[in-house]
There are 2 protein chains.
Amino acid sequence: MTRFALTLEFDGAPYMGLQRQVHGPSVQQSVEEAAFALTGEVTGMHAAGRTDAGVHALGMKVHMDIDKPFTPFQFSEGMNARLRPHPIAVVGCEVVPDDWHARFSCIGRSYIYRIANRRAPLTVERGKAWQVPKPLDETAMHRAAQRLVGLHDFTTFRSTHCQSQSPLKTLDRLEVRREGEMVLIEAEARSFLHHQVRSMVGCLALVGMGRWEEARVTAALEARNRQALGLNSPPDGLYFVKATYPGD
Amino acid sequence: MTRFALTLEFDGAPYMGLQRQVHGPSVQQSVEEAAFALTGEVTGMHAAGRTDAGVHALGMKVHMDIDKPFTPFQFSEGMNARLRPHPIAVVGCEVVPDDWHARFSCIGRSYIYRIANRRAPLTVERGKAWQVPKPLDETAMHRAAQRLVGLHDFTTFRSTHCQSQSPLKTLDRLEVRREGEMVLIEAEARSFLHHQVRSMVGCLALVGMGRWEEARVTAALEARNRQALGLNSPPDGLYFVKATYPGD
């Protein structure tokens, strides 16, 4: 048996999410079916994170155990051939120890959220960013974001469907910057709650529009109540960028 | 009558091209239909350039004559509302003199071509770049590109369907650079022949792969023969970026 760690890139639009669902297509189903087509083996895919419906990934890490002998090059090329026409690609592949686990060994996760700050509807970026017509003050957003960095009870910024045992998380980094009409928000933590990034981005956007004073972000956090959330941003703009492991 | 100059952004994938076609959807048809829905007037759209099927635009300039009174803001907002769900957006709008013509007044056109230089199939960039698996030497491509800059007979780099009276064109700029896995090619000229950018990019890619020596680009140019073309690149990676007018 060989354990392969795969780096996946995918367009989340056609999927109900990363994890296998009974009611619709998932990234996991497509990847497991491609592995079966390639190897004839029924094998499970384990991922660093569980992205929602419509959320994209540039560097999701997953692992799979394969009995037949493959080099990483053969395995990734074979997978990519069988993943067509799904918008999922293996962009990295390596052999890892049998006790390496894409989810449980992961010590850091990072996301990027893209806001297209413009009045005109999106065309080439459609489904790849959140269009916000009102001008955003990215400097105010960045300042407000720093209020969320650190160890907090993120109950306000957590989906009511979140399965995490504790709402306590340490947010390591939340940075906001502008590149032309795009406002980019980068988030890093050991792990995130369900909808945490989208919830934080939604409130930061309210600050950017001037609808929330910066202090209200702290008030929302301290409320520890989902009802205090101002806005949950859509999945279109969210990308899982990178999973980090010991020794990286 | 007011003449509006519109800056259009569009995803070219669903269209047979910018210009109206009898056999399929076009950008022109969608824009003229949106104008009719907004104004009740049958008015023609005139564009700075005629992009091919599948070619995108970030800043195509067009003009339309409208009798009813609209401010540029009203006209662009109204057009964008009626262009939905087409992946076409008005990203700029201004009133221009009646003798200003999007095509005939234009004194410069620029394109960008995006090559995704990687083995893995495209996912979030699908349809938005040309995937070239073989490693490209962008420095060699840039050097070779300089052989095409200047006044030349571009017969080799011209579609057999090209309607231009002369194959003589002055290419002002052709620059190649890398940003991560993306190789970007920027082209500027007063005007281009049909398929000229895609044909130049195709030959530069052959240089980048090491399949053509740089001198062969000059040989292809001097052959003045479409048969000497090495490769025509696909439309997916091509974007019309900007049209320039006197006084810009």
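Predicted model: local features only at pLDDT ≥ 70, side-chain atom pairs only at ≥ 80, totals over all residues.
Residues are numbered from 1 along each chain as written, and chains are lettered from A in the order written. Local features need pLDDT of at least 70, side-chain atom pairs count only at pLDDT 80 or more, while totals for chains, interfaces and linings use all residues.

**Exercise 1.** Work out which rotation superposes chain B on chain A.

*Solution.* Start with the superposition, done by least squares on C-alpha atoms of residues with pLDDT of at least 70 in both copies. A rotation of 180° with 0.0 Å of shift along its axis brings chain B onto chain A, with RMSD 0.0 Å. The two copies are thus related as by a two-fold rotation axis. Next, look along chain B: B:Glu125 comes closest to that axis, its C-alpha lying at 4.8 Å.

**Exercise 2.** Describe how α3(B) and α4(B) cross.

*Solution.* First find the helices (DSSP runs of H or I, at least four residues): α3 spans residues 138-145 and α4 residues 196-209 of chain B. Their axes, lines fitted to C-alpha atoms over the stretch in contact, come within 8 Å and cross at roughly 135°. That makes α3(B) oblique to α4(B), a class left over once angles under 35, over 145 and from 65 to 115 degrees are assigned elsewhere.

**Exercise 3.** Find how chain A is divided into domains and how far apart their centres are.

*Solution.* An automatic or database assignment sets the bounds: domain 1 covers 2-96 and domain 2 covers 108-244 of chain A. Over C-alpha atoms, 27 Å separate their centres. Finally, their contact (heavy atoms within 4.5 Å) takes 14 residues from domain 1 and 16 residues from domain 2 of chain A.

How values were computed
Heavy atoms only, no water. Axes fitted to C-alpha atoms, helices over the stretch in contact; angles between N-to-C directions. Helix = DSSP H or I, 4+ residues; strand = E, 2+ residues; numbered from the N terminus.
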